[in-house]
Amino acid sequence: MKDLTPDRSSLDPIEIASRDEIAALQLDRLKWSLRHAYDNVPFYRTSFDAAGVHPDDLEDLSDLAKFPFTVKTDLRDNYPFGMFAVPQDQLRRVHASSGTTGQPTVVGYTERDLQNWGAVVARSLRAAGLRPGDMLHNAYGYGLFTGGLGIHLGADALGLVTVPISGGMTPRQVRLITDFRPKGITVTPSYALSILDEFAAQGIDPRDSALEVGIFGAEPWTNAMRGEIETAFDMHAVDIYGLSEVMGPGVSMECVETKDGLHIWEDHFFPEIINPETGQPVAEGERGELVFTSLTKEAFPIIRYRTRDLTRLLPGTARSMRRMEKVTGRSDDMIILRGVNVFPTQIEEILMQMPSLAPHFQLELTRPDRMDQMRILCEATDAAVTEALRSQAGQNLAAAIKQSIGISVAVTVGEVGAVPRSEGKAVRILDKR
């Protein structure tokens with residue numbers, strides 16, 4: 001893999017500023033954001049008043065802990081535009097969640113919001129090793145989902161040549177990667193595996209492509225999957241993080257030269273880590289639930305938003321801004337199976353160690369006789385793996401999970417293609433309880 005370390009002279013000055021400079025900027029912007037939300041969003045005025053706090057109470061960054069949280073149901077309760085802080089004639093873009101599990105959450109952007117979003121995504125793409133004039137194959141979904149258009153916005157700001165292919169039509173993905181020879185690809189990690197399958201189906205070695213870096217996000221993925229993808233493509237694989245409620249992709253980014261966690265762009269987003277059960281801040285470096293407050297958003301300010309993502313904050317390395325450890329799961333994705341906490345990424349980590357099993361899987365939860373059961377549906381690496389070998393591989397996987405996690409599971413190992421493929425975020429859990 002090529003050395004893609006950015007020239008430090010190309011970085012934004014705030015990326016390598018002192019912690020004192022960053023904190024001073026954050027305090028100034030946080031005061032503005034709290035006041036902007038309180039003055040212009042009835043929900044925040046009611047919420048702050050009920051908690052007995054006022055924007056003027058913020059004198060230090062630690063004072064933010066006095067203010068109430070915002071959760072996803074607050075956004076849904078104010079559907080569609082109740083959380084907006086500007087009139088419609090100041091909006092330039094509206095995005096929304098799919099709403100498949102409830103009322104959609106709707107977010108909006110002013111012209112300045114779009115400029116800031118483009119700037120942080122451009123910063124992220126540069127941190128991944130891309131430079132003006134490089135070609136980017138953007139396989140994130142376009143539309144109401146913030147992924148495709150958010151990445152595109154930053155690619156334009158950085159001066160990249162963008163191939164806006166979106167998700168789906170996997171054979172065409174492989175053809176364009178082969179013919180256009182892009183340097184970078186942005187895609188969900190689960191869909192990257194589907195693209196790898198298609199390379200194999202077409203008899204093309206993905207290592208012969210021109211790809212030098214893959215930028216993966218929108219779902220948790222493990223370092224084991226990073227290794228699988230890097231080896232298969234002979235390229236760097238780095239993590240990007242974001243969520244629509246906070247901005248979209250580009251809230252934080254892993255730097256290609258270190259790959260040691262995602263630097264949060266703290267000049268725009270203020271992070272906290274709390275105990276997910278008590279809501280109290282945790283000790284420095286302790287793992288918990290990630291909470292974000294926007295510092296510059298005009299249309300849709302967000303105050304102490306509980307992301308449900310589990311991680312911890314660490315000091316900066318390649319940049320001065322703090323890092324968040326790679327997200328390994330969400331508090332609302334955690335499965336409690338007979339008293340044991342299980343995350344899909346734990347299963348993935350073990351599965352990746354099984355040479356005869358492909359990295360595609362789903363977890364099926366059932367409750368026969370009032371007892372929770374889990375069945376893991378996975379598949380063989382190739383058609384040459386016999387039924388007997390698949391059965392043995394399933395037994396080996398069940399034994400490894402029992403030893404590592406402490407739970408008994410059933411495993412079904414199907415033929416190649418048995419697990420449904422994803423063209424976006426993977427569907428890992430089928431809860432039939």
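This is a predicted model: local features need pLDDT of at least 70, side-chain atom pairs count only at pLDDT 80 or more; totals for chains, interfaces and linings use all residues.
- You'll find His 137 in strand β3, which covers residues 135–138.
- Who surrounds His 137? Setting aside residues up to four places away in sequence, His 137 touches Val 163, Ile 165, Gln 173, Leu 176, Ile 177, Pro 182, Gly 184, Ile 185 and Thr 186.
- Asp 239 sits in strand β7 (residues 236–243), and with 7% relative accessibility Asp 239 counts as buried too.
- Again skipping residues up to four places away in sequence, Asp 239 touches Phe 216, Gly 217, Trp 221, Met 253, Glu 254, Leu 262 and Lys 326.
- For a sense of scale, take Asp 239 and Ser 62: they are 177 residues apart in sequence, and their C-alpha atoms are 29 Å apart in space.

**The nonpolar cores**

- Nonpolar side chains tend to be buried together in soluble globular proteins.
- In this model the largest nonpolar core has 75 residues, and the members touching the most others are Tyr 44, Leu 125, Ile 215 and Tyr 241.
- Which helix gives the most to this core? That's α4 (residues 111–127), with seven residues.
- Leaving out neighbours within four places in sequence, Ile 215 is in contact with Leu 125, Ala 128, Leu 130, Tyr 140, Ile 185, Thr 186, Val 187, Val 238, Ile 240 and Met 253.
- There's also a second, separate core of 23 residues, and its members include Leu 176, Val 187, Phe 199 and Leu 211.

**Helix α7, a mostly covered helix**

- Helix α7 runs over residues 189–201, and at 1.5 Å a residue its 13 residues should span 18 Å; the end C-alpha atoms are 19 Å apart, which agrees.
- How many residues of α7 are buried? The count is 10 of its 13, so this helix is mostly covered.
- Among the buried ones are Tyr 191, Leu 193, Ile 195, Leu 196 and Phe 199, and Glu 198 is on the list as well.
- The cover over these buried residues includes α6 (170–180), β5 (184–187), β6 (213–216), α8 (223–233) and β18 (357–366).
- Just past the end of α7, Gly 203 takes a positive phi of about 70 degrees.

**Helices α1 and α2**

- Helix α1 (residues 19–40) packs with helix α2 (residues 42–51) at an angle of about 105 degrees, and their axes are 5 Å apart.
- That angle lies between 65 and 115 degrees, so α1 and α2 are roughly perpendicular to each other.
- Where do they meet? From α1 come Leu 34, Ala 37, Tyr 38, Asp 39 and Asn 40, and from α2 come Pro 42, Tyr 44, Arg 45, Phe 48 and Asp 49.

**A four-strand open sheet**

- Four strands line up in the order β10-β11-β12-β15, with antiparallel pairing.
- The edges are β10 (269–274) and β15 (329–330), each of which pairs on one side only.
- Six bridges link β10 to β11 (residues 288–294); across that pairing, Phe 270 stands opposite Thr 293, and Ile 274 stands opposite Glu 289.
- On to β12 (residues 305–311): four bridges join this strand to β11, and Val 291 stands opposite Arg 306.
- Seven of the seven residues of β11 are buried, so the rest of the structure largely encloses this strand.

Methods:
Residues are numbered from 1 along each chain as its sequence is written. Side-chain values use heavy atoms; hydrogens and water are left out. Helices (H or I, at least four residues) and strands (E, at least two) are DSSP runs, numbered from the N terminus. The expected span of a helix is 1.5 Å times one less than its number of residues. Buried means under 20% relative accessible area, exposed over 50%, partly exposed in between (1.4 Å probe, protein chains only). Contact means heavy atoms within 4.5 Å. A nonpolar core is a set of buried Ala, Val, Leu, Ile, Met, Phe, Trp, Tyr and Cys residues joined through side-chain atoms within 4.5 Å. Two strands pair if DSSP finds at least two bridges between them. Axes are lines fitted to C-alpha atoms, for helices over the stretch in contact, and angles run from 0 to 180 degrees between N-to-C directions. Angles under 35 degrees count as roughly parallel, over 145 as roughly antiparallel, 65 to 115 as roughly perpendicular and the rest as oblique.
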